[in-house]
Amino acid sequence: MSTGSNSLIWFRKGLRIHDNPALEHAAKGSDFLYPVFVIDPHYMEPDVTAFSHGSKRAGLNRIRFLLESLVDLDLSLKRLGSRLVVLKGEPSQVLIRCLKEWNISKLCFEYDTDPYYQALDNQVKSNASAAGIEIFSPVSHTLFNPADIIQKNGGRPPLSYQSFIKLAGEPSWASSPVSNALSWLPPVGNCSTTEVPSMEELGYDDSAEVERTPFVGGESEALRRLREYLSNKEWVANFEKPKGDPSAFLSPATTVLSPYLKFGCLSSRYFYQCIQDIQRTVKKHTSPPVSLLGQLLWRDFFYTVAFGTPNFDRMKDNKICKQIPWKNDDELLAAWRDGRTGFPWIDAIMVQLHKWGWMHHLARHCVACFLTRGDLFVHWEKGRDVFERLLIDSDWAINNGNWLWLSCSSFFYQYNRIYSPISFGKKYDPNGNYIRYFLPVLKDMPKEYIYEPWTAPLSIQVKAKCIIGEDYPKPVVSHDSASKECKQILYEAYELNKKLNGIVSEEDLESLKRKVEDHKNLESKSKRLKQTRTG
């Protein structure tokens with residue numbers, strides 16, 4: 001046990017030295033500082049029953065990205081005369097034990113809005129307060145404090161981006177540069193600790209994957225990428241989302257800074273100030289919502305709505321979510337998840353997700369639309385779970401917000417606007433190079449058929465060494481009829497939600513399912529009768 005003034009900085013996200021108010025406060029006036037990261041079995045314990053290698057909650061790519069970020073953080077701490085103390089176990093229990101054993105007088109950690117961490121933090125804070133320990137938990141993962149925005153809006157989260165922007169205004173800290181000035185840290189007191197574990201030490205077979213994500217974790221890499229993109233001032237000034245090529249993979253059309261923001265290897269506040277500095281030096285630049293600055297504000301918008309909406313991560317009992325009779329079709333879900341839908345553009349995106357843990361935002365839009373309101377009508381929660389597991393930038397608020405949006409369950413309601421699984425990719429990549437890379441079984445298919453290989457004559461399929469139905473699957477649905485059917489069900493569901501003022505029971509949804517099924521059977525019967533007469 002160390003004597004003197006002892007502080008503990010608890011890292012969860014915020015895996016950085018720059019703009020880290022919790023770390024700065026922990027260091028101030030302390031004789032000893034314990035920088036702690038807890039390996040949480042909830043996220044890190046291997047799970048052999050999962051559909052891909054990894055834990056119950058995360059795929060190998062994200063676990064590896066986290067460990068790389070921790071190794072980088074440890075090296076940065078060592079340069080400042082400290083080191084990372086890595087512990088393992090249920091975080092609140094581990095922390096409560098450490099507070100007592102190390103005689104901690106000051107506990108610091110970055111505020112986290114995720115429900116899982118809110119519950120953990122309440123346990124730790126309650127124990128620390130009872131022991132008379134000072135607690136400092138600043139908001140530094142987002143540009144704004146979501147609670148402040150909700151308070152400004154009369155206790156409710158703003159449900160549109162524009163209303164959020166109007167309420168938020170300019171961040172209070174933005175007028176002075178964020179702090180990047182740490183040049184030393186107090187030493188770590190006496191404690192038994194281990195180094196950041198390897199994948200193998202955590203119980204993972206790291207040789208299992210043939211192709212890994214090209215994105216390496218850590219603050220050093222985050223700042224390197226940031227400098228690289230910001231050096232092109234014209235690119236920053238003209239950035240306009242949702243434009244960009246979703247088929248560009250060797251040199252992505254976006255910054256790919258989202259995983260670094262997710263883990264807090266990059267401060268969103270520092271990023272915000274860097275963009276503002278560039279915008280002051282150029283004559284003309286794009287504006288929110290499409291600008292690079294606008295993307296950071298989108299992130300805060302979703303954080304705010306998620307924080308202020310009970311049951312944000314599900315359809316049931318979620319006041320801002322349309323109640324829709326989605327299918328729970330495990331076969332269709334597995335075909336989509338594993339890249340076996342028979343639509344090469346969709347399948348290639350899903351293979352990229354498995355291999356890299358990342359894909360372009362428009363590619364995400366395409367596969368999310370296809371799974372839900374576009375073609376398969378499978379519940380958005382199922383797709384959300386797959387993204388939550390496989391994305392290296394998976395972020396609770398943003399992932400749920402995007403699935404609510406793309407399934408037309410909330411925020412966006414123009415369900416007639418569907419991403420075609422055939423023509424959308426073709427306009428960016430007519431030769432199908434993206435498909436050929438991620439689906440090598442189709443690499444020799446002529447470009448005329450690469451997006452619709454089932455239409456290729458058998459002689460062409462033989463020549464391309466890819467027989468549809470044997471080497472590559474037939475389409476799981478007919479896009480034209482499936483999308484028409486999806487639109488009809490959504491129309492009926494919207495009408496039902498309107499009629500019942502959003503208070504839709506499970507019985508109401510089951511009744512709607514039967515109505516739609518009866519309508520479908522009648523249509524099918526009518527079609528057969530027509531064919532019989534003309535025959």
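Predicted model: local features only at pLDDT ≥ 70, side-chain atom pairs only at ≥ 80, totals over all residues.

Colleague: How are α12 and α17 oriented relative to each other?

Modeller: Two packed helices are described by the angle and the distance between their axes. Here the axes of α12 (residues 292-308) and α17 (residues 396-406) come within 8 Å and cross at roughly 90°. Angles of 65 to 115 degrees count as roughly perpendicular, and therefore α12 and α17 are roughly perpendicular to each other.

Colleague: Which residues of α17 make that contact, and what classes do the contact residues on both helices fall into?

Modeller: From α12 come W298, R299, F302, Y303 and A306, and they meet W396, A397, I398, G401, N402 and W405 of α17. By class, the residues of this contact divide into eight nonpolar, two polar and one charged.

Colleague: On to the largest pocket: which residues lie nearest its centre?

Modeller: The largest pocket holds about 1,400 Å³ of space. α10 (258-262), α12, α15 (361-374), α17 and α18 (423-428) each give two or more residues to its lining. That lining has 27 nonpolar, 10 polar and nine charged residues. Of the 46 lining residues, those nearest the centre are K241, Q295, H361, H365 and N402.

Colleague: Which element gives the most to the lining of the second largest pocket?

Modeller: About 840 Å³ of space lies in that pocket, and 38 residues line it, with Y43, R57, A58, R62 and E388 nearest its centre. Elements supplying at least two lining residues include β1 (6-11), β2 (32-39), α3 (60-79) and α16 (380-390). The one that gives the most, with five residues, is α16.

Colleague: How many of the residues lining that second largest pocket are charged?

Modeller: The lining divides into 20 nonpolar and three polar residues, plus the charged ones. The charged count is 15.

Colleague: Last one: how far apart are the end C-alpha atoms of residues 5-143?

Modeller: An unreviewed UniProt entry lists residues 5-143 as "domain: Photolyase/cryptochrome alpha/beta". In the model that span is 42% helix and 17% strand. Its end C-alpha atoms lie apart by 31 Å.

Conventions
Residues numbered from 1 in each chain as written. Heavy atoms only, no water. Axes fitted to C-alpha atoms, helices over the stretch in contact; angles between N-to-C directions. Helix = DSSP H or I, 4+ residues; strand = E, 2+ residues; numbered from the N terminus. Parallel < 35°, antiparallel > 145°, perpendicular 65-115°, else oblique. Contact = heavy atoms within 4.5 Å. Nonpolar A, V, L, I, M, F, W, Y, C, P; charged D, E, K, R; others polar. 1 Å grid on protein atoms, 1.4 Å probe; cavity = no way out; pocket = protein on both sides within 12 Å on 5 of 7 lines; lining within 4 Å. Points joined across faces, edges and corners; volume = space filled by probe spheres on them. UniProt positions renumbered as here; feature names shortened; annotations may be inferred.
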